[in-house]
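Please look through the sequence and the model shown here before reading on.

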Amino acid sequence: MPLLPLLTILLGLLVVYVPTFYDLFHGIWKTDQQAHGPIVFAVALWFFYYKAKLLVSTRIPVIPAPKLGWPVLVIGCVLYAIGRSQSLYIFEVGSLVVVLLALTLMFFGVGVAKHFWFAFFFLCFMVPLPPSVIDIITQPMKMAVSYASEHLLYQMDYPVARNGVIIYIGQYQLLVADACAGLNSLFTLEALGLLYMNVMRHESPMRNVLLATLIVPISFASNVTRVIVLALITFYWGDEAGQGFVHQFSGMFLFMTALMLIIGVDSLLRYITGKLEKRSVVAIQG
Amino acid sequence: MMKISMFIFPQITQRKSLLVAAILILAALLAVKLTPTMHTVNTTPDLDSIIPVEFGEWRQIADPYTQVGLTTGGNDLASQLYDKVVMRTYANKNGDSVMLAIAYAREQKQDIKIHRPEVCYVAQGFKLFSKTNNIINVPVTKPVNAQRLLVSNQNRYETVSYWVRIGDDYPANGMSARLKILRDGLKGKVLDGVLVRASTAISDPAGAAEAYKKQEEFLIELVTATKPAIPNVLVAEK
């Protein structure tokens, strides 16, 4: 296997995407709203590797499809040029998915591209959505999270009040920002959940559908947990502690909570379906 | 003995890979070429001193309310989005008062652009009741495509008259602002932008029509008074 052609392609990719990733890591990925970006990117890379390892043992034939690959590559490049020059991240980062797909089609063909479909799909979650889109879609979620957090804190006898998405606790006020209820975190959690299922390869389709649906309330619950933890930290240790938490741990905290809930719910589902199956087996035998 | 795997890595010729790399590098160059660099405005006007404390029948007074912020987030975001912000309250001799907020930014980009009041108010806990289009005929310049909002939170109703100017246009919503920036951006132009917002707190929505009328008079006088010093900052040039 000659390495030189591969290195040539890699060089082209680096010229195009190193500036993009430099900007992402130094700009938008540092904001609360898009903090999940690097996590998704890292997981996507791992997933590509994971799928590539599986590929070796499959019987998927390699039939290069250059007639499909070249046009897709050109489309990806045009998207990139417009997106990069006009600071339209959705095109600039989105073009990476298109370009990678083009290269896969060109050299490996449709079958292999299909084998990787979930990896490509997952990579889309890395694309930063425009803030205005996020604002519009997250508003109801923010409201619901604020509402639930206020009521739970009230049940715990804390002095809370709420005005829209602003929660007052003691002398402090907290603005439930996009990060705390983000569509992106919902999307990302949904993606992580689907990825989890893809890797675990459950036999039962029922369980997959159930789990995919349950990720929405799970995301909601983890967001509420995060807001409550944040409110309590602010209440007991002051504004600065709360802000520190926001900027350092709360994103991680959200993902940890959600992941644990996903695994917990999944284990529960496995337990229940296991019981049901056993019972039906017993019923058949009896 | 060699292990035989079912998957055979395809042969990639150097010629093909060179072509791929060339297309990619071409895209990178095209992106550089397309990046807009022509600024329509070179200096940020010092609005604090240019906006007069007194014009027409209006005179600046001490602020009775804290105005609703100009972004969906906090002050950090405001300093990141805007180069200049002016927030004042004016009153006439009848005792009518109007809150004025102006946010100016020298560069409008897809990811860093003016936040629209209908988004800011809602993000800060207000409920949006109505948004209507209202063309303001300013004698000294071309008609301004302004918007009227009626919002409320638990304490008060607020009527808002505002416009967002981006370059020579007054986009009525976020999407048309984006398209404006994209169209001019592809021509190489970096547009400036401004939000001019007049708002009045009212106790009863029945008073909205009266408040809008006052705001319109106020804004026309503001534009007329500042036109000689800054012909194309608050409004587009004729």
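**Salt bridges and the interface**

Over all chains, the structure holds 17 salt bridges, a salt bridge being a side-chain nitrogen of Lys or Arg within 4 Å of a carboxyl oxygen of Asp or Glu. This is a predicted model, in which local features need pLDDT of at least 70 and side-chain atom pairs count only at pLDDT 80 or more, while totals for chains, interfaces and linings use all residues. Residues are numbered from 1 along each chain as its sequence is written, chains are lettered from A in the order in which they are written, and side-chain values use heavy atoms, without hydrogens and water.

One salt bridge joins Arg148(B) and Glu216(B), at 3.0 Å from N to O. The pair links distant parts of the chain, with Arg148(B) in strand β7 (residues 144-152) and Glu216(B) in helix α6 (residues 208-226) of chain B, 68 residues apart; helices (H or I, at least four residues) and strands (E, at least two) are DSSP runs, numbered from the N terminus. Within helix α6 of chain B, Lys214(B) and Glu217(B) are three residues apart and so separated by about one helical turn, and they form a salt bridge whose closest N and O atoms are 3.6 Å apart.

Turning to the interface, the contact (heavy atoms within 4.5 Å) takes 41 residues from chain B and 46 residues from chain A. Across this interface of chain B and chain A the rule finds zero salt bridges. On the side of chain B that touches chain A, α1 (14-34), α4 (117-123) and α5 (174-186) of chain B each supply at least two residues, and α1(B) gives the most, with 15 residues.
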